[in-house]
Amino acid sequence: MRKKCRLMPALLGALTLLSVLGCTEADDKPVNVSYSEDIHPILLSRCVMCHSSENNNGGVNLESYSGIFSSISMDSGDGIVLPGDPHNSLLYDVISTDDLSRRMPLGGSELKQDDQDLIYVWIQEGAVEN
Ligand code: HEC
């Protein structure tokens with residue numbers, strides 16, 4: 001009995017620590033991501049030279065919101081952004097993959113982790129034109 005009573009505060013302490021750590025990690029992810037203020041500038045500076053209406057490699061046009069949603073994956077035939085589902089969205093897949101033969105920007109340095117996170121959360125939050 002006495003042993004159990006001593007264990008409880010220790011357990012509670014560990015749980016509190018875990019939840020605090022959990023919160024800190026969650027707080028690192030951006031929230032309320034804006035297409036026009038966050039996403040469009042990333043695509044403009046890193047992608048549009050190869051993915052515009054004039055130069056749409058792989059049939060992908062990233063210069064506008066409507067361009068994104070008229071672009072289709074060559075493999076699956078799905079849109080490149082599935083709102084709410086970043087893990088199955090080609091747009092997030094190609095910037096986060098370790099496969100250098102597929103990773104975008106093709107032949108360039110990978111997007112900063114912060115920018116990858118912004119794109120992830122934007123899709124997760126529904127990929128709206130905000
Ligand atoms: C240097 C040129 C270049 C840059 C910069 C570039 N891409 Fe690409 N991208 C390509 C080419 C070429 C293809 C077609 C690849 C193929 O045929 O396999 C492609 C294909 C794609 C596809 C479709 C892949 C598929 O399987 O259908 C997506 C999505 C994509 N790029 C997203 C991006 C994003 C997002 C960025 C910016 C972070 C970017 N690209 C930057 C050249 C580029």
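Start with the ligand: 23 residues surround it, the closest being Cys-47, Cys-50, Gly-58, Met-104 and Pro-105. The model is predicted, so local features need pLDDT of at least 70 and side-chain atom pairs count only at pLDDT 80 or more, while totals for chains, interfaces and linings use all residues. Numbering runs from 1 along each chain as its sequence is written.

Next, select residues 90-96. This is helix H4, which gives the most to the shell, with four residues. Helices are DSSP runs of H or I, at least four residues, numbered from the N terminus. By class, the shell has 15 nonpolar, six polar and two charged residues. Nonpolar covers Ala, Val, Leu, Ile, Met, Phe, Trp, Tyr, Cys and Pro; charged covers Asp, Glu, Lys and Arg; the others, Gly among them, are polar.

Now show helix H2 (residues 35-46) and helix H5 (residues 113-124). Their axes come within 10 Å and cross at roughly 125°. Axes are lines fitted to C-alpha atoms over the stretch in contact, with angles from 0 to 180 degrees between N-to-C directions. Select Tyr-35, Asp-38, Ile-39 and Ile-42 of H2, then Asp-115, Leu-118, Ile-119 and Trp-122 of H5: these make the contact (C-beta atoms, placed from the backbone, within 7 Å). They divide into six nonpolar, no polar and two charged.

Finish at Val-128, in the segment after H5. Val-128 is exposed, with 11 other C-beta atoms within 10 Å (exposed means 12 or fewer, buried 20 or more, partly exposed in between; C-beta atoms are placed from the backbone).

Methods: A residue is near a molecule or strand if its C-beta atom, placed from the backbone, lies within 6 Å of it. Helices (H or I, at least four residues) and strands (E, at least two) are DSSP runs, numbered from the N terminus. Two residues are in contact if their C-beta atoms, placed from the backbone, lie within 7 Å.
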